[in-house]
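Please look at the model shown below with its sequence.

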Amino acid sequence: MAHSWSAEIIEEFGGDDGFFKFLKFCTVFSKELGKTVPFVPTAAQVRLARLLLGNNRVVILKARQIGASTIVRAFFTWRTLVAREPHVSGIMSYTHESSQFLHGLDKGFVEGLPAALARKLDNSTARTIKLRDTGASLRAFTSGMKGGGTRSFAMGSLHLSEFAHFEGQDEVLSNAVSTVGDTGTLVIETTANGPGDKYQELVLGAPNNGWALFFSPWFEHPAYTKSTRFGLSNVAPMTQEEKIVQKRWGLTKDQMYWRRSMMHSLGAYKFCQEYPATPLEAFVSSSKTWLQPSDLEGLEVVKGAGRELWTIPPLEMEDHEVVLGVDVASGVGQDYTALTAVSVETGQPLFHWHCNEESPGRFSERLLAWCEEWNVRSILIESNSHGAVVLSRIRDLGIDKRLLWTDAETGRDWTTNKFTKMRLLEELRTKLQNGAIGRMVEPLYLELQQMRADGSSPRAPKGKHDDLVIATGLAYVALLSVPCAPPNRAHGRMGDWIKSQRVSKILSGRRLPWATREI
């Protein structure tokens, strides 16, 4: 018989351990058995439950059919049942059908409780479950509703399902954060939908962005296996690439055969998105992107944030001769001025700098300071627009003109157009495809991953940037002009311009407004 929960029952189920006690009374529908059965969480679901209990901002990157949404809905239902006040908990999904399916899980958890725990409901509709005694409720919305449908409600918790498929992700997320406030719970749960969106930004930014990330690779789930047929009639043995994957993750042949079967059915792109082995793999390139997944395979991706990005300890910079690629912007908060330093000896990118708030004139001084500190062999500066200001400025200051890259045939500075842009991009892509680049900072990796192959010239998607890509491509073009065998270091150093009074006047006698060695 339905009744109100006593203070003793709420106390019993209210703590963190209370959620796991509640789960023992939950039931779910089993497609395999065709009936309702007790809900027995998997190891991955238990791990997710503990993350939900300890964080109010959780972003979930999942493989298909791992039951992430089920445990999230159980968590939200439990929070509603133990609330002492009219707590509002929302579920918003990509489509009406998906929203109603998830809301149906809520109903199943509430209605499936044993008689001793049954609750009286008030105003229960297709979109709302409301408890009569406390007024706490579970509400369902779809992302297609105006403002995501949540603007009129102040909620204690909100679950955004299939967020990667939402239109206007930034606006939906902004509304969601406002809806739950600083202390409310916000959970994002979805499969990936390609690179370059807000969801990827949240996943790869965690935990530094304040979000706790839950990720479960496909091979963690026992259902993703299939009796192996490798080497049997009409079935090729495992390829070298498959053997590498198997060894890397310690997989069985049955798991590898399931992987191959699914790749044949879905295609490599779709498989990696829906059944990723790593968070980075989930945001694979697609047929619309400039690079293919194999082009970025095997890279060591180094975390980094801020203006200065290193792949080596800064103090090791003096051990390398470097070439610099420079893409200059206006410094008024739009596109970024970007610089990449590549080692002449190893061909590896060592350092990047990017900023959209520094004027070309001030950047010229920064560039001169780097040139004084490092063993620079060649500098390729894009001369378009603001780059011409930097070139003119450093020439006026007396830089050794032999260090500035010019076209071997015409003697002119580099001008980027659709033809020369393809040249620098192809030089960079060749290095990636040949495996010549082994380590890369994450911001550059993400820019490369997002580059679209639209029209005659690859470009960044709308609202994104490719400045680090351009600077890095320019550095590799500059590298072509430097002999493979490093010359005497005395000749590789900057010329007499370093000692000139004009440069010394700028670089001495006052404190520089930047720290060239700090990461």
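In strand β14, F351 is the bridge partner of A341. This pair can be located directly, since numbering starts from 1 along each chain as its sequence is written. The model is predicted, so local features need pLDDT of at least 70 and side-chain atom pairs count only at pLDDT 80 or more, while totals for chains, interfaces and linings use all residues; side-chain values use heavy atoms, with hydrogens and water left out.

Strand β13 (residues 337-343) and strand β14 (residues 349-355) run antiparallel and are joined by six bridges. Strands here are DSSP runs of E with at least two residues, helices are runs of H or I with at least four, and both are numbered from the N terminus. Two strands count as paired if DSSP finds at least two bridges between them. Both β13 and β14 belong to an open sheet of five strands, in the order β11-β14-β13-β12-β15, and the pairing is mixed. At the edges are β11 (308-310) and β15 (375-381), each of which pairs on one side only. On average, neighbouring strands of this sheet are turned by 15° against each other, direction ignored.

Next comes the backbone. Most residues other than glycine have a negative phi, and most peptide bonds are trans. The bond between A206 and P207 is cis, with omega about 0°. P207 sits in the loop between α7 (198-205) and β9 (212-215).

Two residues other than glycine have a positive phi: Q65, near 60°, and E162, about 55°. Q65 is in the loop between β3 (57-61) and α4 (68-82), and E162 is in the loop between β7 (157-161) and α6 (169-180). Are these residues buried or exposed? Q65 is exposed, because its relative accessible area is 66%, whereas E162 is buried, because its value is 12%. Buried means under 20% relative accessible area, exposed over 50%, and partly exposed in between (1.4 Å probe, protein chains only).

The last stop is V88, in strand β4 (residues 88-93). V88 counts as buried because its relative accessibility is 14%. Which residues does V88 touch, not counting residues up to four places away in sequence? They are S137, R139, A154, M155, G156 and S157, where contact means heavy atoms within 4.5 Å. V88 and S157 are 69 residues apart along the chain, and their C-alpha atoms are separated by 6.9 Å.

Terms used:
Axes are lines fitted to C-alpha atoms, for helices over the stretch in contact, and angles run from 0 to 180 degrees between N-to-C directions.
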